Number of protein chains: 2
Amino acid sequence: MSELRYCPIKNRWAIIAPERRLRPLEFLVPESARSAPSPELDPFAPGNEDLTTAEIFSLPALDSRSGSPWQVRVFANRFPALRVEGDVVREGVGLNDSVSGVGAHEVIVECPETNREMADFTVNELVEVLKAWRARIEDLRRDQRLRYVLIFKNSGTEAGASVDHAHSQLIATPIIPSVVAQELKSAREHFKSKERCLFCDLIHQEIELGDRIAIETNSFVALAPYASAMPFETWILPRRHGHDFAATDDADLRGLAVILSDLLRRIRCLLEDPPYNLVLHTSPNPHPRPGHPDDWSTIQYDFHWHLELVPRISRRAGFEWGSGYTINPTAPEEAARHLQKADPDGGKNSKLGR
Amino acid sequence: MSELRYCPIKNRWAIIAPERRLRPLEFLVPESARSAPSPELDPFAPGNEDLTTAEIFSLPALDSRSGSPWQVRVFANRFPALRVEGDVVREGVGLNDSVSGVGAHEVIVECPETNREMADFTVNELVEVLKAWRARIEDLRRDQRLRYVLIFKNSGTEAGASVDHAHSQLIATPIIPSVVAQELKSAREHFKSKERCLFCDLIHQEIELGDRIAIETNSFVALAPYASAMPFETWILPRRHGHDFAATDDADLRGLAVILSDLLRRIRCLLEDPPYNLVLHTSPNPHPRPGHPDDWSTIQYDFHWHLELVPRISRRAGFEWGSGYTINPTAPEEAARHLQKADPDGGKNSKLGR
């Protein structure tokens, strides 16, 4: 069974998950070798459902002529980082801390077709994916052992994908991930001193300045953050304050699908179909602990849910590893300018003429 | 000029460095394309000194028959992330913070020969590299604008190296890198409550347990940390407490060279010559600020300098990016066991029989 381990020097958690390996020395094998048994075989295609673990959730096909019973299909990852069975045991181990690897690790297949990417989806198709995300968060929140549900997408081998068929993943954890905990803390401190949402303030500032805005719609904004860690890092934020992605209605999801589709197509055109990671940031599971008024679950209202997209076109090296800083050769103002001008219908070829 | 930018949401700094790019759209080009103009031309070889910027420091050749005047040679990076010219300007920009990109970015060529890796070096040769590191830290500390000198090595393209010739790099920054700041903070808090060094306590605990120790010598220990973020992450720590790498004597450096050489050769044999990053962690520059008794420069004595090595055999994907956690499929106890048994003289081929 896997285990979450805390380093008291780095203030950092790692999930030690030997079950993620096929063989003892699998760490020597490139990630790409972990894909389907044969390149012709798509384990996520309709008809191959017996190649995956049991279905947890699905949404019916939008087009019945597709031959697939489902549009979106969710099941447990075959090589899970965390497992749903067992109690959460928290214990000190000398100077260190350990938490048992209880959680969930699910795969969300995003469409029936083998050769379509999220950037190819119609808005209707993308809305179905977002609905599946929302439904899985709602369901897993009922589990009192789990503190957070993290949804993310790895697109392309360089971004960590091991199966080509379009899919996202979900990992639910018994502790709040440090990136989210830091965002919650920042939002809490800002609200305490100003009684305003930090993210709402940021959105207002950026819209006023304008030079880091990539796309603006009535209900959402896509912007290149001031301290972008990587070239073309882009956040999509709802203009209206809301801490919880699971509390969105279908109109919210439609608005999100419109701007996400636009952004993905611009990125694909501009950067020649780059690998990328997409991460949903939402509030933690609302499980208050008696006597802990400042617990994460009670400060969730200060949060502002959003999506973060990072094309994987630069590499973390020793400096990034040793400092915690990143070196980003593309100013966010420049990235936003390119994105504003990019053609969302330009396909995979850069229109910037290199 | 580049700029350090702070994100108030993520509590994170990024160095926005457009000067690192050769062309406006260079972010589309793989890192490997940035190496020498022609594969035959080694810009770091003796005789090609005019292909680099001016020499800042060098140590004479150990073997005069090599035909090279120098053994180790240091110069400014041609594509610097930070520059030595100018004042450090710190300013608020709306919700954000900016610090001008003043600092140093140097290349340390580690040997005259084109086709030798650090794992090939004799102990004497490795000592010269460590002496150069020490000398550069001592020199740059005199600059009151700089708070930290970070020395790191990227070995192999996958680890971020753009030139094959063995070299390390140095980046000196006007703020303390967050990874080091966190380590200092952890060490400070531990000392405050226990009047003992956190790292010394860790070393004692790990030697007593034994199951995460890779190599032990009279003066150093190489161990796989309990919450290893990546497979075969290894730290080399001096057994005797010392906060400052620059305060080491030549005997210390020799002891370090012995265990580092041993570790590099075991890693090379075990993991088939993997790309890796090596980072020196030492105390910040001792520039006290009047009226700031808890400033980093005064709490440096709680630190314990050490080296961290991370083979780059796994990939950061969306989960790692979104959570701040890492998923490590190799337990450190297992990594240590493999390293104990590995043959330091086994060359590049794994002796584990795959």
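## Chain A

Helices (H or I, at least four residues) and strands (E, at least two) are DSSP runs, numbered from the N terminus. Chain A has 7 helices and 15 strands.

This is a predicted model: local features need pLDDT of at least 70, side-chain atom pairs count only at pLDDT 80 or more, and totals for chains, interfaces and linings use all residues. Residues are numbered from 1 along each chain as its sequence is written, while chains are lettered from A and ligands numbered from 1 in the order in which they are written.

Of the 354 residues in chain A, 50% are buried (20 or more other C-beta atoms within 10 Å of the residue's own, with C-beta atoms placed from the backbone).

## Two copies

## The interface

Chain A gives 73 residues to the contact, and chain B gives 73 residues. Two residues are in contact if their C-beta atoms, placed from the backbone, lie within 7 Å. Elements of chain A that each supply at least two residues include helix H2 (178–194), helix H3 (198–209) and strand E15 (326–328).

The copies meet through the same surface, because 100% of the interface residues of chain A are also interface residues in chain B.

Note on methods: A residue is buried if 20 or more other C-beta atoms lie within 10 Å of its own, exposed if 12 or fewer, and partly exposed in between; C-beta atoms are placed from the backbone.
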